[in-house]
Amino acid sequence: MLSRATERFQPYALAVLRVAIAFMFIQHGLQKFGFFEGRMREFPDLLWFAAVIEVAGSPFIALGLFTRPVAFLLCGQMAVAFFRSHLPAGFWPILNRGEPAFLFCFIYLFIFFAGPGKWSLDRWLEGKLGKRWWM
């Protein structure tokens, strides 16, 4: 009974997760540009490119526009961040300070497979222009 009651809210919960994760993720990108007590990264530093991807990708995720390809890109970015910056400091994410990168990676992987949810521009454009409008 509880399963059926919660299943109907799943597309909405996915949309809320998508917006919440984008809200958190853009802050990481902005921090690399000197906001939120962060340190300004300059071109061509690798973290400058990471900041550009984070700041540019987050609004797409929040709005649900090009959700799957952007989520795939952000998932990959977080995997690279984890393996390059955190894993050399040890295996356990809680000890190598890589738990945000680890969680972002798997949340974006989930969004890639699950899609944008009910409230998204992808869903709206799909209704207006037809299935897979962006391919």
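What pattern does the protein follow when read along the sequence? The protein follows α-α-α-α-α-α-α, with seven helices and zero strands, where helices (H or I, at least four residues) and strands (E, at least two) are DSSP runs numbered from the N terminus. This is a predicted model, in which local features need pLDDT of at least 70 and side-chain atom pairs count only at pLDDT 80 or more, while totals for chains, interfaces and linings use all residues. Residues are numbered from 1 along each chain as its sequence is written, and side-chain values use heavy atoms, with hydrogens and water left out.

With the whole chain selected, the C-alpha trace spans about 45 × 35 × 25 Å along its principal axes.

Next, select helix H2 (residues 10–32), whose end C-alpha atoms are 33 Å apart, in agreement with the 33 Å that its 23 residues should span at 1.5 Å a residue, the expected span being 1.5 Å times one less than the number of residues. Colour its buried residues (under 20% relative accessible area, with exposed over 50% and partly exposed in between; 1.4 Å probe, protein chains only), among them Leu14, Arg18, Ile21 and Phe25. The buried residues of H2 pack against helix H3 (46–63), H4 and helix H6 (99–114), contact meaning heavy atoms within 4.5 Å. Just after H2, stop at Gly34, which takes a positive phi of about 100 degrees.

Finally, move to Trp92, in the loop between helix H4 (67–86) and helix H5 (93–96). Trp92 counts as exposed because its relative accessibility is 53%.
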